Amino acid sequence: MRTINQISTVIISLLFLTSNPANAQPSPYEDERIPNMIEELNPFDPNIEETLKYYDEIYEEETGKSSHLEDYTIIDQLLGLASCYRSSCAVWAQVVKSSQRMYLYLNGSLYGSWLVSTGVPGYGTPNFDKHPDGRIYDRYTSGKYPGGDYRGLGNMPYAVFIRGGFALHGTPQSNWPKLGRPASHGCIRMHPDNAYIFNRLVRQYGIGNVWITVQ
C-alpha cells in the first residue's frame, strides 16, 4: 500500500504536468508573433482608412501575407470592377438585413445561405451594392467587442472588407447564438466556417468577379 507521502507526490506531479505550458500541445492556428492588432476599431470613424492602413502594415509584417488581394490594382479599379454585377459575377453575396441572412451565389446558382448578424440600433450596417474593396484578412481582432477568440485568429476571422472598416467576417462560438439577429457594431458576422468559404472564394475568383449586396 502506498504511503500518504507517495500519494501526495503523485498528485503534485499530475498537477504539474497538466498545468505546465511546456507540456501543452499548441494549436496549429496559434501564432504568438501576431498581436491582437485592432484595439478600438469603429467602422463609422471618418478616419478609419488611415487606421486600417496602419494595421495593414502590422498584419503584413507579422503574418508575411498581403493585406490586399494581389490583383487589386488601378487597372482593376478602372476596368475590372465594371466587369460584372450581382448574379452575373462568379460570386455574389446577398445580405438581407430584414431576415438577418446571407445568400451566397456561385456562377449564378444558390450555393448556400446562413444566418448573420448585422449592426445593432445606433450602429446599423449601411446598405452596399459593390465589389469588395480588396482588403482581406485571415486574422482580425477587435478589443472593443472581444467575444472570445477563434483558433488563434482573433474574434473576427476571415474578414472580407466592403468599404473602410465594414467587413463580412466570422465570429467566435460565444456569438453563434446571436446569429440571426442584429448584434454587431456595423460589420456582418457569420459562423467562421461560412466566413472561411466566402473568404476563399473571394481569394480564388478575385474582387473583379465578386459582388456584395447589403440591403
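Is Asn199 buried or exposed? Select Asn199: this residue is buried, with a relative accessible area of 0% (buried means under 20%, exposed over 50%, partly exposed in between, using a 1.4 Å probe and protein chains only).

Before moving on, note that this is a predicted model, where local features need pLDDT of at least 70, side-chain atom pairs count only at pLDDT 80 or more, and totals for chains, interfaces and linings use all residues. Residues are numbered from 1 along each chain as its sequence is written, and side-chain values use heavy atoms, leaving out hydrogens and water.

Stay at Asn199. It lies in helix α4, residues 192-205 (helices are DSSP runs of H or I, at least four residues; strands are runs of E, at least two; both are numbered from the N terminus). Among the residues Asn199 touches are Ile136, Tyr158 and Val160 (contact means heavy atoms within 4.5 Å).

Next, show the sheet. 5 strands form an open, mixed sheet in the order β3-β2-β1-β9-β4 (strands pair if DSSP finds at least two bridges between them). Its edge strands are β3 (109-115) and β4 (128-130). Now pick β1 (91-96) and β2 (101-106): they run antiparallel, joined by 6 bridges. Gln94 stands opposite Tyr103 in β2.

Finally, select Phe44 and Tyr123. They form a tilted aromatic pair, 6.3 Å centre to centre, with 50° between the planes (ring centres of Phe, Tyr or Trp, its six-membered ring, lie within 6.5 Å; planes under 30 degrees apart are stacked, over 60 edge-to-face, the rest tilted). The two are 79 residues apart. Phe44 is partly exposed at 35%; Tyr123 is partly exposed at 32%.

Conventions
Lists of a residue's contacts leave out its neighbours within four places in sequence.
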